[in-house]
Amino acid sequence: MTVRTLRLPQARRIALAAQGFARPRPDRSVTTRDLQRVVATVGLVQVDSVNVLARSHYLPFFSRLGPYDTSLLDRMRDRAPRRVVEYWAHEASLMAPSTWPLMEHPRMRRASDGSWGGMRRVAQEHPDLVAAVLEEVTSGPPRTPRQLAADLGHDHERSSQHWGWNWSLTKLALEYLFWAGRISSAGRTAQFERRYAALERVVPTKDAPLWLDPAARPSAEEAYTELVRISATAMGVATETDLADYFRLQRTHVRPAIAALVAAGELEPVRVEGWTKDAWVHAAARRPRRVRARALVSPFDSLVWHRPRAEALFDFHYRLEIYTPAEKRVFGYYVLPFLLGEDLVGRVDLKADRAAGVLRARQVSWEPGRGGAVDRTELAAELDLMAGWLGLDGVVDGG
């Protein structure tokens, strides 16, 4: 079988198009339908608590659509009928409700197989508490861990054995049940606390059979194949490692799924110029001749969250330096890559200074050969657009 070779610029354009960056931003007010299209395009959107600029799950929509009302996304997550739900996928992520049942084998069944320490220990060591928490969640309205602990009369005893986060036993029990797929999230509070809820309160009617009856969910083979299909569609062209990383799957499960999709004609083996690993391109992937994108990309955006892929596609070495001591940082604290055209041309350390009402570009760093007048003009325009979206008065360099 002859394997086609893709030039690296071709692969880059395919990847950008698959991620939604080849599509022009709307020239009208963004609607819920636009937000749903982004979710369908990327498959899942990572959630993270860092708020130095904006909550991370808001940023991928801005990158692809431009300014929009974030309350639209909140309603998609928090109100019935829910169009997105939260679960552990790449990390904590927003996904379509139809994707949630696919996590039965990669995640939910692992709640009892001993593969993830602290949360499983709470089920082993405090089964009565876990049962009481489950009963409280499923019999009442959505609540935060603090509200549930208060209703249970639990004293918030701390556990020192879970990842250094100092979670209460009630929180550990909730996370165990959430990971196991026995409860869900009805959204987040303004303080970013999850509101845990019974599955029946979250699932849209059309998805209820698969949510409420584990026996009705896809088999392991079907689930892994579908998750790899979603990943391949969202990346356009990808290696086995890329496909495994998207939903954080084990490669032993990804390989048979790739083979099944190749046999079905959905994936085609390719070689990508400069890559040492085998790759596959999705049969339906767009192959634009040119991409005219302009976007500031969240560190948690699916375009760049797998750093080796970003380096292979864009020759862009990217690491998040939040946990690096300030004096050892190279590019800054919360650094967003700047996508212009078909390249990641620079990066900006950004902070929304809400007290001063400004967006602070604390450090701008350009890739070799970039940073000329055109690049700087385009970056200034994108920063102005972001400042307006965030409700800030303007952009200030430094600080």
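Modeller: In this predicted model, let us look closely at strand 11, which covers residues 335-341. Seven of its seven residues are buried, meaning that each has under 20% relative accessible area, so the strand is largely enclosed by the rest of the structure. On one hand, strand 11 pairs with strand 10, residues 293-296, in the antiparallel sense and over four bridges, and within this pairing L296 stands opposite F338 of strand 11. Strand 11 is also joined to strand 12, residues 343-353, by six bridges, and these two strands again run antiparallel. Strand 11 and strand 12 form a hairpin with one residue between them, and in this pairing L340 has D343 of strand 12 as its bridge partner.

From here we can turn to the nonpolar core, where the largest one has 104 residues, and L53, L350 and M386 are the members that touch the most others in it. If we leave aside the neighbours of L53 within four places in sequence, the residues in contact with L53 include L336, L350, K351 and A352, and L336 falls within the range 335-341 of strand 11, while L350, K351 and A352 fall within the range 343-353 of strand 12. Among the other contacts of L53 are L59, Y334, M386 and L390. There is also a second, separate core of 28 residues, which includes L6, V304, F314 and Y318.

Notes. Residues numbered from 1 in each chain as written. Predicted model: local features only at pLDDT ≥ 70, side-chain atom pairs only at ≥ 80, totals over all residues. Heavy atoms only, no water. Core = buried A, V, L, I, M, F, W, Y, C linked by side-chain atoms within 4.5 Å. Buried < 20%, exposed > 50% of the residue type's maximum accessible area, 1.4 Å probe, protein only. Contact = heavy atoms within 4.5 Å. Pairing = 2+ DSSP bridges.
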